[in-house]
Amino acid sequence: MQAIRNIIKYLAALVLYYSGALALFDWLSRKFGARSNYIILMYHRVLEDINAENVFTQPGMSVSSEAFDHQLEYLKSKYRVIDLEQLVQTFSDDRRASRPMAVITFDDGWRDNYSNAFPLLKKHNLPARIFVTTDYINTNRPFWFLMVKWILTESQMTADMLTGVVADLAEDFPSESEDLAELVHVIKTAGVDSDKIIQACKKLEHATLERLIEQMLARTRLSPDYWERDRPMLTWEQARCMSRQGIGIESHGCSHRILTLLPSAEICREITASKTAIESELGGTVSCFAYPNGNYDEEVKSAVEQAGYSCAVTTAGEKKNSGKSDKYALRRVAVHDGVSAPPLGRFSKAMFAWHLIRHA
C-alpha cells in the first residue's frame, strides 16, 4: 500500500508541476500574503551511501549526497538563496522581494556536514548555517537517540526485556513514573519499534535516559567502544575550517536536551555556555540559536534573546509573511531523501517543488 501511495503522490506532483498549477499557486499565495516569501530548510545528515550509512539514524534525518546536490541546484534556480542573518535583516524592509528566498540550515553538528555537505555547498557557492551541540563536538559520544537505535537494531532485545528495564527505572526515578509508564505502554503495543520508543523517551530527563541506555547495554553483548571507531560528530577543527569559508557555526545548545523540560538555571546554561564555547573555539559572534527538538516556550525564547542572540529557529511557528515573522520562532521545513525521491530514481524536481510549496 505504501508503494501505491508513493506512486500516486509522484504522479500528482508531476501533473501539478509540469502543468504550471503548482507555480501559480505558489505565486498567488505569496502575492496576497497567505504565505511568507521565504523558506528556511532544515537538514541533518548528508550521506554518500544512504542505505549503508543510515542504519542507526531516525527516518527523516538524512539525504544522499546525490539528492542533496540536485536539491541545491534546484534551489539556486528557483530561489534567492541567502544567509539566515540576511533574511532576518529583510524583516525590517517593507518592500517584498520579487523572488522567494531560501535559507539552508543543518542541525546537531554531524561529521558528514563537513565531509559531504560542505563540498557541495562550495560547489554551488551557497551559504548555510550549522547548529552544533557543543558537548558532542570533538568527541566520539553519540546522541542518546543514536545509542537507543543502535542497541535495538544490533541486539536481540525483546519487548519483555525492554519492559523489565523500564520497570526497574521507575523505582529509581519515581518523579518520572508517568512518562515511564507511557514508555511501557508504547513497548507493549508497538513492540521493539525503535522510532516509537525514541519518541516516547524524549519526555524523560537526561539522567533517566543515561540510566536507561546503561541498563539496556548491560543486557546485551554490545560495547560502546563501537563509537570509538565510528565518530559521528564534527571536530572543532572541521567547524573552524567551514567557518573560515563562510559557513556559519551556530548554537543548538550544549546537550540537546529539550529546553522546555529543564529548570530555569539549566535553560540559561544550555543557551549561554554553548554560545561561549563556539565563540571561544572559532572567534566571532554566535548570533543564531536552534531549539533542540524544536521545543520552546516564552521563557525559553526570552532566555535566548537575553543571551544576545539575534534570532532562533524551530520546527513549529506560523506561515506568516516575512514582515510579521517572530525572529525568535522562525519556522523551518525539514528536508530528507524521501521528499524529492521518485518511485524510481534519485531526484524529482516535481517532488521537491511540491514539498517546498506545501510546507513553506
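A: A residue is called buried when its relative accessible area is under 20%, exposed when it is over 50%, and partly exposed in between (1.4 Å probe, protein chains only). The structure above is a predicted model, in which local features need pLDDT of at least 70 and side-chain atom pairs count only at pLDDT 80 or more, while totals for chains, interfaces and linings use all residues. Residues are numbered from 1 along each chain as its sequence is written, and side-chain values use heavy atoms, with hydrogens and water left out.

Q: Is Ser251 buried or exposed?

A: Ser251 has a relative accessibility of 0% and therefore counts as buried. This serine belongs to strand β7, residues 248-251. Helices (H or I, at least four residues) and strands (E, at least two) are DSSP runs, numbered from the N terminus.

Q: Which residues does Ser251 touch?

A: Contact means heavy atoms within 4.5 Å. Not counting residues up to four places away in sequence, Ser251 touches Phe131, Val132, Ser274, Lys275, Ile278, Val286, Cys288, Phe289, Ala290 and Tyr309.

Q: At what angle do helix α14 and helix α15 pack?

A: Axes are lines fitted to C-alpha atoms, for helices over the stretch in contact, and angles run from 0 to 180 degrees between N-to-C directions. Helix α14 (residues 264-282) and helix α15 (residues 298-306) pack at about 40 degrees, and their axes are 10 Å apart. This angle makes α14 oblique to α15. Angles under 35 degrees count as roughly parallel, over 145 as roughly antiparallel, 65 to 115 as roughly perpendicular and the rest as oblique. On the α14 side, Ser264, Ile267 and Ile271 take part; they meet Glu299, Val300, Ala303 and Val304 in α15.

Q: How far apart are the axes of helix α6 and helix α13?

A: The axes of helix α6 (residues 111-124) and helix α13 (residues 236-244) are 9 Å apart, with a packing angle of about 40 degrees. These two helices are therefore oblique to each other. Arg111, Asn113, Tyr114 and Phe118 of α6 make the contact with Gln238, Cys241 and Met242 of α13.

Q: Which residues of α13 are buried?

A: The buried residues of α13 are Trp236, Gln238, Ala239, Cys241 and Met242. What covers them includes α6, β6 (129-132), β7 and α14.

Q: How many salt bridges does the structure hold?

A: Side chains of opposite charge can pair when their charged atoms come close. A salt bridge is a side-chain nitrogen of Lys or Arg within 4 Å of a carboxyl oxygen of Asp or Glu. The structure holds 23 salt bridges.

Q: What are the details of the one that Arg346 forms with Asp337?

A: The closest N and O atoms of Arg346 and Asp337 are 3.1 Å apart. Arg346 is partly exposed, with a relative accessible area of 29%, whereas Asp337, at 10%, counts as buried. Another salt bridge joins Glu270 and Arg269, with the closest N and O atoms 3.8 Å apart. Glu270 is buried at 0%, while Arg269 counts as partly exposed at 35%. Glu237 pairs with Arg244, where the corresponding separation is 3.6 Å. Here Glu237 is partly exposed at 42%, and Arg244 is exposed at 57%.

Q: Which residues are linked in a network of salt bridges?

A: Asp83, Glu85, Arg129 and Glu250 are linked in such a network.

Q: What is the phi of Asn125?

A: Most residues other than glycine have a negative phi. Asn125 is not a glycine, yet it has a positive phi of about 55 degrees. This asparagine is found in the loop between α6 and β6, and its relative accessibility of 68% makes it exposed. Asn138, also not a glycine, has a positive phi of about 70 degrees. Asn138 lies in the loop between β6 and α7 (144-154) and is partly exposed at 47%. Gly246, which follows α13, has a positive phi near 95 degrees.
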